[in-house]
Amino acid sequence: MKIKTILINVSCLLLLAAGQSVAQEMASGDHVQVRWLVPDTFHEGKEERVGFYFEVDPGWHVYWRNAGDSGAAPRFNLVPKGAALGPIEWPFPMRLRVEHLTNLGYSGNVAYLFQLLPDKNTREITISADLEWLVCKVDCVPGFATMSFTRPVEAQAAWPDADLSVRNYFANRLPRKGSESPWQPVSISPRGSDYLVLQLTAMNDGEIPAVFPINGELFSAAEPEIQHQDGSLLYSFKRLPGAGVGNISDFVVADSSRSWKINAPFLSEMAGKESTTSVWLLFLVAFIGGALLNLMPCVFPVLSIKLFGLINGGTSPAHRLRESFLYSAGILLTFLALGLVLLLLRWGGLAVGWGFQLQSPVVVLVLIILFWLMALSFSGFFEFGHRLMGIAGSNSRGSFITGVLAVFVAAPCTGPFMGAALGAAIVIPPLQALLIFLGLGLGLAAPFILICASPALLNRMPAPGPWMEKLRQFLAFPLYATVIWLLWVLGHLAGDSGWLIGLSLLLITTLAIWLGKSFATKGVIGGLICVVAASLISLPVIRVEDSERSSGMVNNWHSYDKTLLAEALENGQSVFIDYTAAWCITCQVNKTLVLDTPEVQALFRENNVLLIRADWTRYDPEITQALQALGRSSVPVYAWYPAGEKKPELLPPLLQESLIAALFSSQLTVNSEDD
Amino acid sequence: MRVIFNFSSSLLIKVVVLCLILPGAVWAAAVPGQKAPEFSVMDAAGNSHSLSDYAGQWLVIEWFNKDCPYVRKHYGSGNMQSLQKKYTEQKVNWLTVISSAQGKQGYLDPAQAIDVAESHNLGASVPFLLDTSGVMGRAYGAKTTPHMFIINPQGEVVYAGAIDDNDSANPAVIKTSHNYVSAALDASLKGLAVPKATSRAYGCSVKY
């Protein structure tokens, strides 16, 4: 052993004396010296990580693989003899501010490494390399060199101690496997046309890692703006002007000493593309979505009641028009207010989505009482219309309030078209997002305005008569049904106490009305006192039950669990996720008529599909984020991961059994083609 | 055939045509597909140039710094001059801009600029534009030398980025590099879509 070392030392001295060979083992240029980091002997048949050590003058820097705004990565053209080489490996860089630009590189010394595997039965390894590099302070100097080394292959690898520790130091800074990263990518999505937002899950200790984009053609190198958002970190990278969204979205995430290479899925859904194409397109989609909302079971009764009320009044065209505008104003202001609240919550760092107002038990409670009052009034229990709120009447405040109400009752019926528009509203700038809310509102209001403004259409409506009284009484029943449904939602939100408090308040409300009817002014006052007192007692009591998701399975459906999903995808199992909420009527319809039928369940079973039900009835940041990653902010969303696919397809919001069956028939075709 | 479809996407495609007519927002940098930023800069001969002077004509704008190795790569090899010659002969205007501030690398006063134009055999339409204040460079978001922009007769940017796809400082690679600027000009002069409208500009930082 000792003899060998001496021999090596002697041969090194001889090499030094030869001069020429030494020049090949090292290279120097302005402000930089380059030398090999290789062992004195290689281990037979064993892979070794070797590389180039760049010693850079203070204040000067060399570059990472993505050099950033200017500069260039070094180039290595390697020709091996007696070994196979891996690609160049890049230790994670730092951001270097150079005047108005940001570069990614290394201020000071750095080792660029690569793997070397000695060939079988080889006794000697020779590597020659053509190098080109750029070293910069503010001005840049390129350097070129040819280097080579020759080393014997022995029974053991022997490193000079100092070189081995340098090698190890930089090998530790190479990106590791993304799956080992403490910060996991959720998605990358456009924000307006200027930014791309990378979402990472946050670690508990709150450390904020540096993130470096590998794709310099898409992401600017400048320090991204970083936001904390409820269990995740949002990195807003400036996008290179005019760069199209490619699929290369690899990043290196680094803490102070280690790094990992991660790959974030691009937001596959339209939310991303739309926001880059045109906000007007979204506006249009929102408008159509809003218009379709009129036909949904949630809105239709409210709207038709209002409309019949107007006809009943034998009103003039001008009056009707005025009413329709007031109704529209109610809708628009409510949409804008909800939009503003949504944006404010987001701005405050809270992950919320559409329908968030129904995640609050207080809002649900207020709606229960409102619908109860309306139902009682329609049944003729008391005159609610003209005097109090005029829901079924024709006074102006009534029209406005009908508009407000229409928006609130519409939320559960998120229809086709609304999903995409609302999803986009999350990622685009606030003013454009408000425009989308405006579009939804205008769409919702448009048919009403149209009917009120057009005598021709109005004439086609049935003539007023005593039948209207019967219709009104009949329409009380859907309202009672709504009350039952909302109580059920409240039960989901607040547990058993929800039912108790909800029903008790209904009782007191009814008592209050009776008091008001029977004892004139005193009664009204008494009634009001009852309601106010009851509300004051109940509102603080009612709160969302412990928001922990129940884990485990309910009728073949697993509750939402990220790890479970990741495992299944890793194993190539197909997965179906039902994003649902108790207050979402469309969801309940799909659940009852399609998803939970024995036929569909059998289909899922036969095809070994993992079923996940993500219940969003209550506020749940994890599910909100998962929805966001799909470009959605409302339910229902049906995400289907075919076997072996890691990116989901989104199914239409209205499901049919044939559609589910088609998932598998098409999968069969694909499989047989593969065979 | 997949039976699944996204309910909204078919409609989206139909209405997208409508929306394309609507103008996009205006940005502070030259962005492909959008209007080119205005500028008004004197050349080394003392004449003023602004974007409107080139309305209705094709225009290439190139950022220059004589001491930058990457500029030397393309001028020393004659690559840039041959591009300038080829396209100015096809009635394309070519402006070469120096945005180096006084005291910074690459700064030239008008007399020096005339000399450098001559020694470099500059084939631009006019002698260097001297954007000493950096206003034009910043308006365009010019980051490096060379940084290339192509503007169509409608005043819209059709290409922004590097001259080619090889960020080596070695002139030997030019032969085997894919030149983005000539590819973009050849396509757009024929009325075809530009194959690649944007790329990461490589080179030295502009010395504002």
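Colleague: Which residues line the second largest cavity?

Modeller: From chain A the lining takes A:Ala72, A:Ala73, A:Pro74, A:Arg75, A:Glu132, A:Trp133 and A:Leu134, and from chain B it takes B:Tyr70, B:Asp167, B:Ser168 and B:Ala169. A cavity is a set of points on a 1 Å grid over the protein atoms alone where a 1.4 Å probe fits but cannot get out, and lining residues have an atom within 4 Å of a point. This is a predicted model, in which local features need pLDDT of at least 70 and side-chain atom pairs pLDDT 80 or more, while totals for chains, interfaces and linings use all residues. Residues are numbered from 1 along each chain, chains are lettered from A, and side-chain values use heavy atoms.

Colleague: Which element gives the largest share of that lining?

Modeller: Strand 11 of chain A, residues 124-136, supplies three residues, the largest share. Strands are DSSP runs of E with at least two residues, and helices are runs of H or I with at least four.

Colleague: B:Tyr70 was on your list. Which residues of its helix are buried?

Modeller: B:Tyr70 lies in helix 2 of chain B, where B:Pro69, B:Val71, B:Lys73, B:His74 and B:Tyr75 are buried along with it. Buried means under 20% relative accessible area with a 1.4 Å probe. Helix 2 spans residues 69-76 and is mostly covered, with six of its eight residues buried. Just after this helix, B:Gly78 adopts a positive phi of about 80 degrees.

Colleague: A change of topic: why is strand 25 of chain A largely enclosed?

Modeller: Five of the five residues in strand 25, residues 637-641, are buried, so the rest of the structure largely encloses this strand. On one side stand A:Val637, A:Ala639 and A:Tyr641, and on the other A:Tyr638 and A:Trp640.

Colleague: Which strands pair with strand 25 of chain A?

Modeller: Strand 23 (residues 575-580) of chain A pairs with strand 25 in the antiparallel sense over five bridges. Strand 26 (residues 649-651) of chain A is also antiparallel to strand 25, over three bridges. Two strands pair if DSSP finds at least two bridges between them. A:Tyr638 stands opposite A:Asp578 and also opposite A:Leu651 in strand 26.

Colleague: And the open sheet of four strands in chain A: what is its order?

Modeller: The order is 13-20-19-16, with mixed pairing. Strand 13 (175-176) and strand 16 (210-213) are the edges, each with a single partner strand, so one side of each has no neighbour in the sheet.

Colleague: How does strand 13 of chain A pair with strand 20 of chain A?

Modeller: Strands 13 and 20 (residues 259-263) of chain A run in the parallel sense over two bridges. A:Arg176 has A:Trp260 of strand 20 as its bridge partner.

Conventions:
Buried < 20%, exposed > 50% of the residue type's maximum accessible area, 1.4 Å probe, protein only. 1 Å grid on protein atoms, 1.4 Å probe; cavity = no way out; pocket = protein on both sides within 12 Å on 5 of 7 lines; lining within 4 Å.
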